Amino acid sequence: MSTEVQQGAAGAAIGNIRHDVTLLTDYDIYLFKQGSHSRLFEKLGAHVTESPDKEKGTHFAVWAPNARRVSVVGDFNSWDNGRHGLKVRGDETGIWEGFIPGLAQGTMYKFHIDSNTGKYSVNKGDPFAVYWEQPPATSPIVWDLDYKWNDKEWMKTRKDKNSLSAPMSIYEIHLGSWRRKGDEGQEFLSYRELAPELASYCKGLGFTHVEFLPVMEHPFGGSWGYQSVGYFAPTSRFGTPQDFMYLIDYLHQNDVGVILDWVPSHFPSDEHGLVYYDGTCLYEHADPKKGFHPDWKSYIFNYGRNEVRAFLLSSAIFWLDRYHADAIRVDAVASMLYLDYSRKEGEWIPNKHGGRENLEAIDFLKCMNEEIYKSFPDVQTIAEESTAWPMVSRPAYVGGLGFGMKWNMGWMHDTLVYMSKDPVYRKYHHSELTFSMLYAFTENYVLPLSHDEVVHGKNSLVNKMPGDDWRRLANLRLLLSYQFSHPGKKLLFMGGEFAQFVEWNHDRSLNWELTQWERHNGIQLMVGDLNRIYRKEAALYYYDFDPKGFEWIDCNDWEQSILGFIRKGPGEYDRMLVALNFTPEPRKGYRVGVPVAGFWEEIFNSDAKEYGGSGIGNSGGMETEERAWHGHDQSLTLTLPPLGAVLFKVKKPAPKPVVGLMPE
């Protein structure tokens with residue numbers, strides 16, 4: 001327990017509970033019952049405040065409609081459930097509330113609930129708690145969220161930085177295992193210790209955003225945060241809420257955006273959490289065929305219940321409002337959309353039309369996205385959705401789900417399967433590379449190389465690659481080059497940027513010692529260069545979601561396992577030629593047609609010696625020849641390096657001098 005918590009609890013002179021203080025208005029109750037209240041965090045939970053007669057204390061409010069009795073217990077009253085009973089409101093909301101004078105910030109508490117079922121009497125955590133004890137302890141802590149932000153410049157300009165036509169290169173990290181400290185490397189870095197190191201690292205490598213695996217409080221570290229109990233609280237493993245605000249603030253001041261993973265699809269079975277909250281299935285479906293997830297052994301929210309919808313909607317808004325998050329990435333959307341997700345025949349209940357679609361979840365997602373973009377038009381919502389559900393990233397008013405972007409799981413799967421094959425067999429699987437362009441513009445895609453691909457026996461990115469160490473590293477450089485040149489925003493999980501050899505382990509730090517070796521440092525250097533080129537060249541990002549930004553040069557050279565395409569930006573000379581050789585055989589004299597005559601400068605080569613490659617390239621670039629090829633009037637003759645990618649940019653010609661009379 002922190003010093004602030006101990007002092008807050010010990011210094012309080014606690015009075016008798018009062019029932020004449022409320023934060024809820026009639027309009028709050030109307031919105032709550034309707035399921036459209038998006039700021040319940042201002043009304044429910046524990047709030048340090050004062051009564052109308054200026055008595056300082058804490059107001060408590062909790063939704064427990066099937067409770068017979070609810071009281072506040074904690075270290076302030078020796079956890080005695082008979083001393084500070086809440087009173088149920090008389091408006092049939094099932095909300096219990098009360099004001100405890102003298103109870104201050106830092107006090108540990110829970111709600112003791114006696115269910116009207118007569119079989120349930122338990123201490124529960126506060127669903128709206130903003131701070132919890134460090135696990136395995138389970139008590140919420142009364143806490144105020146006052147903080148002086150210093151990211152005014154970022155907030156003023158982030159609309160442009162979060163725009164669909166802006167570069168977005170995301171560094172995905174797990175806060176507990178990015179870096180650690182101590183002699184044995186077992187100690188977490190705090191939020192405040194992480195801030196300068198993470199900001200400097202991301203800024204140095206050119207990432208535009210970081211994405212945190214869920215920071216919401218969770219009992220089991222091995223869930224990586226995906227089994228949340230604290231939907232309004234950052235985990236106390238790394239510090240206080242203000243410490244987490246400081247981390248985001250610091251990143252913003254260093255021009256790095258923050259994306260938060262958020263899990264509205266399921267919650268764990270821990271007794272102090274949401275499950276059977278008032279002795280009944282309050283937040284979850286009562287029928288296990290709709291309310292229990294067989295894969296994750298967790299409970300599924302009842303999206304058809306208005307109060308639950310308001311709870312989840314408020315949680316999403318909370319992180320954008322109080323923590324200045326720039327985007328919410330919604331986890332496991334597919335599990336929300338389909339009633340038969342991961343279920344066998346007879347294990348699920350069809351909707352009212354007899355179909356497999358979860359109509360209530362669909363409606364919730366649409367409403368959530370509409371509310372977020374209405375309240376925060378300069379942020380993004382991103383869906384992790386792994387099926388072919390149509391129009392995930394299209395507005396709800398045209399029939400879409402309303403997300404701003406969607407993870408391209410198909411691209412990730414097909415590309416990694418292809419790259420794992422020995423190059424001698426790749427020509428028989430060429431379509432696994434080209435298939436993604438058949439649907440590349442049906443959604444606003446993020447191209448992920450995510451945490452899920454480097455755990456549970458799947459190997460690290462570099463160890464998915466075939467061949468000896470040189471070929472594996474060359475393949476990794478080629479994979480990352482392909483990702484950065486392919487239409488779509490970019491996401492790379494930590495460790496991939498320096499070719500971490502072992503699988504990710506959430507219980508230990510990344511193997512940073514590898515970066516002292518040239519071959520790993522070379523990968524890191526290349527990722528930084530890719531980011532800088534990506535952010536500088538509009539051809540590589542401006543039309544990520546528009547077919548006018550892409551043109552095949554040759555997608556049919558399966559025999560040599562080569563791809564060639566043009567990326568286009570808004571300007572006449574925003575043109576980038578991309579050529580990728582997926583074999584270890586250098587290709588000399590390889591002719592490609594190009595749409596613009598002139599000098600094409602080689603601005604990137606994944607086989608450069610400073611990246612650990614062999615240094616085979618094109619001597620800085622070349623002029624086009626007037627020889628028709630690939631449907632164009634002019635062409636280039638290239639050298640394609642082994643297992644390599646080259647990028648060429650057409651140079652804008654210098655203006656011709658104006659010839660005229662000299663002044664007398």
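Let's start with a single side chain: that of asparagine 463 makes a polar contact with the side chain of arginine 472, at 2.2 Å. Here a polar contact is a pair of N or O atoms within 3.5 Å, where one must be able to donate a hydrogen and the other to accept it. Keep in mind that this is a predicted model, in which local features need pLDDT of at least 70 and side-chain atom pairs count only at pLDDT 80 or more. Residues are numbered from 1 along each chain, and side-chain values use heavy atoms.

Where does asparagine 463 lie? You will find asparagine 463 in the loop between strand 20 (445–449) and helix 13 (469–485). With 22% relative accessibility, asparagine 463 counts as partly exposed, a class between buried (under 20% relative accessible area) and exposed (over 50%). Leaving aside neighbours within four places in sequence, asparagine 463 is in contact (heavy atoms within 4.5 Å) with Arg472 and Phe501.

Now move to helix 2 (residues 26–34), where Asp28, Ile29, Leu31 and Phe32 are buried. They cover an arc of only 165° around the axis, so they sit on the same side of helix 2. The face turned away from that buried side carries the exposed residues Asp26 and Tyr27. Among the elements covering the buried residues of helix 2 are strand 2 (56–63), strand 5 (95–101) and helix 7 (306–321).

Finally, look at helix 4 (residues 191–205) and helix 5 (residues 241–253), whose axes come within 8 Å and cross at roughly 10°. Helix 4 is therefore roughly parallel to helix 5, a label for angles under 35 degrees.

Methods
Axes are lines fitted to C-alpha atoms, for helices over the stretch in contact, and angles run from 0 to 180 degrees between N-to-C directions. Helices (H or I, at least four residues) and strands (E, at least two) are DSSP runs, numbered from the N terminus. Angles under 35 degrees count as roughly parallel, over 145 as roughly antiparallel, 65 to 115 as roughly perpendicular and the rest as oblique. Buried means under 20% relative accessible area, exposed over 50%, partly exposed in between (1.4 Å probe, protein chains only). The arc is that of the directions from the helix axis to the C-beta atoms.
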